[in-house]
Amino acid sequence: MSNNHEDADGIPRKADHLCVLIHGFWGNPSHMDHLAVSLRQRYSEDRLHLLVTERNIGNLTYDGTEVGGERVAHEIEETLNTLADKGCPIRKLSIVGYSFGGLLARYAIGLLDARGWFDKLEPVNFTTFASPHVGVRIPRKGVWGYIWNNVGPRQGSVSAQQLFLVDSFGDSGRPLLSIMADPDSIFVRALAKFKNRSLYGNVVNDRTTIFYTTMLSMVDPFRDLGDAQVNYVKGYEPVVIDPDMYFLPAAELKESLPFGSRVWGQITRLFTTALFWAVVVLFLSIVLPLFFLHSISQWSHSRERVRLHEEGESATLFREYRLPHVMVKEMQSAVEEAYEDVGFHQDPDYLSTTSKSSPADSIRRRNSPGLKAKEAAEHKPSSSSITIQEASSPTPEHDQPNSTREAATDDAISKKRRAYPMLALSPAQIAIIESLNSVGFRKYPVYIHNHRHSHAAIIVRAPKPGFDEGKVVIRHWLDTEFQI
């Protein structure tokens, strides 16, 4: 027998809030099981309806962000209409994206807003876990950096080209990720409408989506932790790092490690280096050829799926989601002038600290004559290093919307004064970071200690004991960020 809150089909009548969970690349709905279970334990069915998307399973994620985003948008619309037909109209919408699912989420909400859904729904929570908002190109020199940045985009899929920013969206001549970060785009306008926006990203061992792209940062304060004492959010130690102060002051640091521990540390590093080169040799001789064969096969299948998506009954269904070319042409962005060279062949890890101005400064000046005049009047110097407060915005009060919380004073971030060199990102990446940061996010660095696959552990992608630290991350998100 159904209770008073459900109809004959088990649909909760009182639930007016839909939360959408979107898995990542090569993923499937089961990857979001822990998130779904945690939400359900916190909020019963008569308070929250869950949708775990399932139209981009496995190799379907090869088909591109726009195709995947259209599938997500259509699946959300179907769910909203079905619930309304069953007497359960939805008034609030929350979106949670994991990894590549975060990009699909950003694309889908732009389509939903353009189709008028945000005039009928209140966008409440937008969260991504380990999502490559700035792509996956790594600002690193050496063999691995060269292989990753040059082989990755050539594996054949549309999604790979977009993630490495070598695609051209429509006839815009610009990468899709740049279009999605354009301040005048439907995607940024939709993102800005959410009451709460938050990011969670790993600080170590995430080989898929490293810190700069998940946390929209032009520096990496966690590149060399050394003897630094990480400062955790109280109650979520030792996993969720305090976004207002990553490290404890020097006076509070623990004593240096004993001599024996330092020697053991050096031996461990040498062993790790030797193991790394063994993996590189194995990769080049065996894995890489197999990878290319697999990529050719998947490229062929993906191209056929995209063709079917564009033709026949499927084309009729999804054509209404397609962005008009004129809409793309009218978008104005700082990236438009900055994007000349994605920079696959940038060798340095960091921009030179002796340069008189950083690419970020140059982009801002080209697109803001007022800023240029102001800096000249103030004789403000430029630098290729960034203080920590520029890398991570202060965490605003949780009972206020992001738009209000963004107005933080310098006093709120005065305790973060350590400067870090700017990563050797491309101009397009820098512009994406600046544009998305202007929307405003609360950012939580995550330190997974017990498993080297932190990309999977951050959301407990599978029921493995080594992933238990991810449960702390999800608990923090539910306690502090997710609002019903």
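Biologist: Does T79 count as buried or exposed, and why?

Modeller: Keep in mind that this is a predicted model. A residue is called buried when its relative accessible area is under 20%. T79 has 14% relative accessibility, so T79 counts as buried. T79 sits in helix α2, residues 65-85. Leaving aside residues up to four places away in sequence, T79 touches L18, H49 and L51.

Biologist: How much of the chain is made up of buried residues?

Modeller: Of the 484 residues in the chain, 53% are buried. The secondary structure comes to 19 helices and eight strands.

Biologist: What share of the contacts joins residues 24 or more positions apart?

Modeller: Among contacts in the chain with a separation of 6 or more, 79% are between residues 24 or more positions apart.

Biologist: Let us turn to the sheet. In what order do its strands stand?

Modeller: The sheet is open and has six strands, in the order β2-β1-β3-β4-β5-β8, with parallel pairing. The edges are taken by β2 and β8 (442-446), and each has a single partner strand, so one side of each is left without a neighbour in the sheet. On average, neighbouring strands of this sheet are turned by 15 degrees against each other, direction ignored.

Biologist: How many bridges join β1 to β2?

Modeller: Strand β1 (residues 17-22) and strand β2 (residues 49-52) run parallel and are joined by four bridges. Within this pairing, L18 stands opposite H49 of β2, and V20 stands opposite L51 of β2. H49 and L51 are also touched by T79, the residue we started with.

Biologist: And over how many bridges does β1 pair with β3?

Modeller: The pairing of β1 with strand β3 (residues 92-98) is parallel and has six bridges. In β3, L93 is the bridge partner of L18, and G97 is the bridge partner of I22.

Biologist: Which strands does α1 touch where it packs on the sheet?

Modeller: Helix α1 touches β1, β2, β3 and β4 (122-129), and its direction makes about 180 degrees with that of β2. Helix α2 also packs on the sheet, touching β1, β2 and β3, with its direction at about 150 degrees to that of β2.

Biologist: What kind of unit do β1, α1 and β2 make?

Modeller: Strand β1, helix α1 (residues 33-42) and strand β2 make a right-handed β-α-β unit.

Biologist: Why is β1 described as largely enclosed by the rest of the structure?

Modeller: Six of the six residues of β1 are buried, so β1 is largely enclosed by the rest of the structure. H17, C19 and L21 point one way from the strand, while L18, V20 and I22 point the other way, and all are buried.

Biologist: How are two packed helices described?

Modeller: The description uses the angle between their axes and the distance between the axes. Here, α2 packs against helix α3 (residues 100-114) at an angle of about 60 degrees, and their axes are 8 Å apart. The crossing of α2 and α3 is right-handed. Residues making the contact include T65, E66 and G68 of α2 and F100, L103 and L104 of α3. The residues of this contact divide into 10 nonpolar, three polar and three charged.

Biologist: Back to single residues. Is L199 buried or exposed?

Modeller: L199 has 0% relative accessibility, so L199 counts as buried. L199 lies in strand β5, residues 196-202. Not counting residues up to four places away in sequence, L199 touches several residues, among them T128, H133, F441 and Y444. L199 and T128 are 71 residues apart in sequence, and their C-alpha atoms are 5.2 Å apart in space.

Biologist: Where is P183 found?

Modeller: P183 is in the loop between α6 (176-180) and α7 (186-192). With 44% relative accessibility, P183 counts as partly exposed.

Biologist: Is I186 buried or exposed?

Modeller: I186, in helix α7, is buried, with a relative accessible area of 5%. The C-alpha atoms of I186 and D113 are separated by 7.3 Å, while the two residues are 73 residues apart along the chain.

Terms used. Residues are numbered from 1 along each chain as its sequence is written. This is a predicted model: local features need pLDDT of at least 70, side-chain atom pairs count only at pLDDT 80 or more; totals for chains, interfaces and linings use all residues. Side-chain values use heavy atoms; hydrogens and water are left out. Helices (H or I, at least four residues) and strands (E, at least two) are DSSP runs, numbered from the N terminus. Buried means under 20% relative accessible area, exposed over 50%, partly exposed in between (1.4 Å probe, protein chains only). Contact means heavy atoms within 4.5 Å. Two strands pair if DSSP finds at least two bridges between them. A crossover is right-handed if, with the strands pointing away from the viewer, the path from the first strand over the helix to the second runs clockwise. Axes are lines fitted to C-alpha atoms, for helices over the stretch in contact, and angles run from 0 to 180 degrees between N-to-C directions. A crossing is left-handed if the near helix is turned anticlockwise from the far one by less than a right angle, and right-handed if clockwise. Ala, Val, Leu, Ile, Met, Phe, Trp, Tyr, Cys and Pro count as nonpolar, Asp, Glu, Lys and Arg as charged, and the others, Gly among them, as polar.
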